[in-house]
Amino acid sequence: MNAREEVLARLRSALGDGPAEVAVPRAYRRTGTCDPDRLAELLADRLVDYRAGVHWSSQDGLAETLSALLPAEGPLVVPPDVPDRWLAAYDGQVLVDSDDAPLGTGTLDGAASVLTGCATAIAQTGTLVLDGGTAQGRRLLTLIPDHHVCVVPVTDIVDTVPEGLQRLAPTRPLTLISGPSATSDIELSRVEGVHGPRRLDVVLVR
Amino acid sequence: MNAYGTGHLYGPARFEKAARVELAKPQLRENLRHATHTIRDRREEVVDEVPDWEQLRESGQAIKARVARQLPELLERFEAAAVEAGATVHWARDADEACRIVTGLVKDTGASEAVKIKSMTTQEINLNEALESAGIDAYETDLAELIVQLAEDKPSHILVPAIHYNREEIRDIFRQRMPGAADTLSDAPEELAEAARTHLRRRFLSARVAISGANFAVADTGTLVVVESEGNGRMCLTLPETLISVVGIDKLVPSFADLEVFLQLLPRSSTGERMNPYTSMWTGVTPGDGPQRTHIVLLDNGRSATLSDPVGRQALSCIRCSACLNVCPVYERAGGHAYGSVYPGPIGAIISPQLTGVGENASLPYASTLCGACNDVCPVKIDIADVLVHLRGRAVDAKRDTLSAERIAMRLLSWIMSDPRRYGRALRAARRGTAPLAALLGGRRTVRHLPWPLSAWTSSRDAPLPAAESFQEWWQRTRAEREQAQRGNPSKGETS
């Protein structure tokens with residue numbers, strides 16, 4: 001017997017007592033109770049708790065808001081499909097990652113910041129979800145630069161974890177980001193800033 | 001016939017002996033007390049703000065019970081989905097087989113080093129030692145694992161393997177053993193984290209092979225999930241060309257939607273955060289994004305043996321949050337190393353003996369006061385105390401046919417106690433015999449150390465002196481008074 005067959009045979013024999021069918025109760029909250037107008041504030045509160053920067057912007061003022069947050073000189077990394085209007089007021093150097101000309105890890109390591117959007121955001125837990133969709137790019141873009149600026153339209157925010165996961169396709173590469181990189185490994189106290197971006201700025205667009 | 005697990009699942013000494021050594025380290029106890037109390041309070045705060053916490057626990061418990069019941073089918077479904085998505089799936093009966101598979105896979109890439117994400121499963125199978133003997137350098141990238149690896153020590157906690165060190169000790173380990181660490185490095189946690197960042201940066205950017213575990217494996221989709229804080233996990237999961245994930249077969253959940261339960265239960269229970277900083281999910285290979293070769297090693301190593309025990313199988317529901325360690329009075333004092341296994345604390349005391357067979361780890365089910373604090377915090381409602389008692393029974397059953405001093409003493413006691421007059425006589429004799437001792441002890445009614453062979457009894461508990469009056473004697477003495485009182489006051493007797 002090969003290992004696969006043997007492990008499966010062991011498991012079937014271990015269940016020889018015929019354990020009873022189990023019904024899974026689902027009495028937990030699947031949809032939130034938060035007033036939809038207040039979701040963005042809840043998300044902001046959670047993000048601040050993680051020591052992320054939170055900035056509010058109108059659609060029209062977004063280019064100015066971003067330009068003020070981004071490093072004046074750059075280089076700034078962006079995915080290929082980042083909307084032009086986001087960068088309309090930015091004068092620094094911009095490095096565009098693309099399938100044809102992917103940025104190397106050395107280049108990313110030398111970049112000052114990365115600017116992306118997100119797939120959805122979960123207010124209860126202060127979580128941004130990236131799924132490699134529009135304006136998000138490859139996973140390593142939001143990992144290697146030390147500063148991540150993420151644009152979140154308030155209409156993309158959901159209340160609870162179940163609502164957030166429902167919006168995702170499981171087979172895409174998914175990254176859930178809740179604040180800047182952190183560790184609790186020294187005396188179980190939380191410290192921000194290890195290997196991932198040490199600064200996370202979130203721009204909430206109303 | 002059960003096939004038991006091998007690897008780092010037991011230590012050289014029984015728990016009570018190892019604990020005695022650890023208890024003699026005041027700094028260790030101070031470090032553990034500080035760390036476990038910090039995390040305990042944080043957990044309580046973020047759990048209390050979730051109004052449906054109990055409902056989430058009940059769902060988590062039921063999902064995992066269902067997984068255990070359907071494990072063979074779910075594993076086949078997981079394998080098919082992962083292969084469909086571009087992953088290669090391997091199966092390992094035990095630790096040695098898993099190590100051979102991983103070592104072979106690393107060698108096939110031509111690489112002589114690999115970066116690692118913190119993984120209990122790879123610690124369980126002693127993977128680092130196996131890689132080292134094959135000439136492959138494995139670099140731990142989680143901060144706590146890095147500390148343990150630099151110190152050439154063993155993990156002592158499921159979540160924070162270096163919990164037994166305080167910041168000054170970590171600073172000293174870094175200064176002495178981390179290449180490039182400055183002599184002026186301070187003990188500020190921010191500075192220590194920065195030193196680890198600098199130390200590992202180049203290694204991440206040049207790594208060709210990464211080795212991970214997984215927190216969850218989704219049967220329907222073949223998706224793996226890694227929950228982490230620092231970003232070292234994301235580095236390992238996205239930068240190298242080849243990713244090898246060692247996954248215990250107990251890590252399955254049926255569907256992607258089931259993650260909505262566990263991603264709420266796990267972070268609040270383990271680090272006391274509403275959500276951990278980073279969670280990565282990947283399914284096979286995504287062209288142009290992340291490793292283009294992904295391998296999954298499905299590991300048994302005693303899990304099927306655990307599944308065969310109808311009471312004990314609930315231990316397979318564990319999601320390795322470590323909340324039970326942080327509230328355990330025994331763990332807080334003895335520390336993780338005393339348990340010998342890579343899985344310490346209350347959950348370790350029910351996992352390790354089942355993976356190895358109870359005979360190999362017979363002292364662990366006794367490493368508990370049965371206070372039940374672990375049951376209260378377990379996010380998937382494992383009845384740890386109940387399984388501990390059950391395993392104590394199995395440990396006794398395993399030796400039932402052999403004669404021991406304890407067994408002879410118990411049989412003798414059973415004979416004495418089965419007859420009231422015999423018992424009364426024995427008690428009076430014992431009282432007379434211990435009278436000089438009672439006088440010597442003053443007011444105390446317990447003896448800490450008895451001479452051999454009774455020392456076996458007092459090695460882990462005090463022995464009480466015989467009571468000055470037994471219940472039977474008290475009953476005889478006061479019966480006449482009671483009957484007298486009842487006859488004199490019949491109404492009181494009726495209503496009481």
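Trainee: What share of the 496 residues in chain B is buried?
Mentor: Buried residues make up 49% of chain B. A residue is buried if 20 or more other C-beta atoms, placed from the backbone, lie within 10 Å of its own. Keep in mind that this is a predicted model: local features need pLDDT of at least 70, side-chain atom pairs count only at pLDDT 80 or more, and totals for chains, interfaces and linings use all residues. Residues are numbered from 1 along each chain as its sequence is written, while chains are lettered from A and ligands numbered from 1 in the order in which they are written.

Trainee: OK. How many helices and strands does chain B have?
Mentor: Chain B has 23 helices and twelve strands. Those are DSSP runs numbered from the N terminus, with helices (H or I) of at least four residues and strands (E) of at least two.

Trainee: And what box do its C-alpha atoms fill?
Mentor: For chain B it's roughly 95 × 55 × 50 Å, taken along the principal axes.

Trainee: Which domains is chain B divided into?
Mentor: Domain 1 is 72-305 and domain 2 is 405-488, with bounds from an automatic or database domain assignment. Their C-alpha centres lie 56 Å apart.

Trainee: What does UniProt place at residues 404-478 of chain B?
Mentor: The unreviewed entry has "domain: Lactate utilization protein B C-terminal" there. UniProt annotations may be inferred rather than shown by experiment. In the model, residues 404-478 of chain B are 63% helix and 5% strand.

Trainee: Switching topic: how many residues of chain B are in contact with chain A?
Mentor: 76 residues of chain B are in contact with 60 residues of chain A. In contact means that the C-beta atoms of two residues, placed from the backbone, lie within 7 Å.

Trainee: Which element of chain B gives the most to that side?
Mentor: H3(B), with nine residues. By class, the side of chain B that touches chain A has 39 nonpolar, 22 polar and 15 charged residues. Ala, Val, Leu, Ile, Met, Phe, Trp, Tyr, Cys and Pro count as nonpolar, Asp, Glu, Lys and Arg as charged, and the others, Gly among them, as polar.

Trainee: Which residues make the contact between H3(B) and H12(B)?
Mentor: H3(B) (residues 53-69) and H12(B) (residues 259-270) pack with their axes 9 Å apart; axes are lines fitted to C-alpha atoms, for helices over the stretch in contact. The contact includes Leu56(B) and Ile63(B) of H3(B), and Phe262(B) and Leu265(B) of H12(B). By class, it has five nonpolar, three polar and one charged residues.

Conventions: Axes are lines fitted to C-alpha atoms, for helices over the stretch in contact, and angles run from 0 to 180 degrees between N-to-C directions. A residue is buried if 20 or more other C-beta atoms lie within 10 Å of its own, exposed if 12 or fewer, and partly exposed in between; C-beta atoms are placed from the backbone.
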